[in-house]
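Visitor: Could you give me a close look at a single part of this model? I would like to see how its pieces pack against one another, one contact at a time.

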Amino acid sequence: MHAPHIVIEFEAESTVNESTFLALMTEILGLDSGALTLSTTLQTMSEWNSMSFMLLLSTLEEQYSKHVKPVQLLMCETPQEILTLIQQA
C-alpha cells in the first residue's frame, strides 16, 4: 500500500512588506519576536549561517516568486539591505 501523495498549492505573494519580512527572518533565524530589527548586522549573529541563508533564498522564491542571486544576498549586511534587494527583484 502506498502513502497518498499530497500536493499543497498556494498563490505566491507579489510584495514583501517590512513587518512580514522581519517575521519571516525572525522565524528562519529562530529568534524571539522583536529580537531582529532592520538595522541588525547579520554577520555578527551566529544564527545567520549557510542553512538560514539557503532557507531564506528558497522561501523568497517559493512564497514571493522573488529570484535573488546568492552573491547579491551575500553582499547584504542588514535585513534592510535584503528587503530593499527583494523589493527591487
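**The packing around α1**

Guide: Helices α1 and α2 lie oblique to each other, a label for angles that are not under 35 degrees (roughly parallel), over 145 (roughly antiparallel) or 65 to 115 (roughly perpendicular). Their angle is about 140°, and the axes are 10 Å apart; axes are lines fitted to C-alpha atoms, for helices over the stretch in contact, with angles running from 0 to 180 degrees between N-to-C directions.

Before we go further, please keep in mind that this is a predicted model, in which local features need pLDDT of at least 70 and side-chain atom pairs count only at pLDDT 80 or more, while totals for chains, interfaces and linings use all residues. Residues are numbered from 1 along each chain as its sequence is written, and side-chain values use heavy atoms, leaving out hydrogens and water.

For orientation, the protein chain has 4 helices and 0 strands, where helices are DSSP runs of H or I with at least four residues and strands are runs of E with at least two, numbered from the N terminus. On the α1 side you will find Thr-20, Leu-24, Met-25, Ile-28 and Leu-29, meeting Ser-52, Leu-55, Leu-56, Thr-59, Leu-60 and Tyr-64 of α2; contact means heavy atoms within 4.5 Å. That contact has 8 nonpolar, 3 polar and no charged residues, taking Ala, Val, Leu, Ile, Met, Phe, Trp, Tyr, Cys and Pro as nonpolar, Asp, Glu, Lys and Arg as charged, and the others, Gly among them, as polar.

Now turn to the other partner. Helix α1 (residues 18–29) and helix α4 (residues 79–88) have axes that come within 11 Å and cross at roughly 120°, which makes α1 oblique to α4 as well. This crossing, too, is right-handed. Here Glu-18, Phe-21, Leu-22 and Met-25 of α1 touch Pro-79, Ile-82, Leu-83 and Ile-86 of α4, and by class the residues are 7 nonpolar, no polar and 1 charged.

The largest nonpolar core holds 25 residues, and Met-25, Leu-29, Leu-36, Leu-42, Trp-48, Leu-56 and Ile-82 touch the most other members. Such a core is a set of buried Ala, Val, Leu, Ile, Met, Phe, Trp, Tyr and Cys residues joined through side-chain atoms within 4.5 Å; buried means under 20% relative accessible area, exposed over 50%, and partly exposed in between, with a 1.4 Å probe and protein chains only. At least two core residues come from each of α1, α2 (50–64) and α4, and α1 gives the most, with 6.

Across the protein chain of 89 residues, 36% are buried.

Key
A crossing is left-handed if the near helix is turned anticlockwise from the far one by less than a right angle, and right-handed if clockwise.
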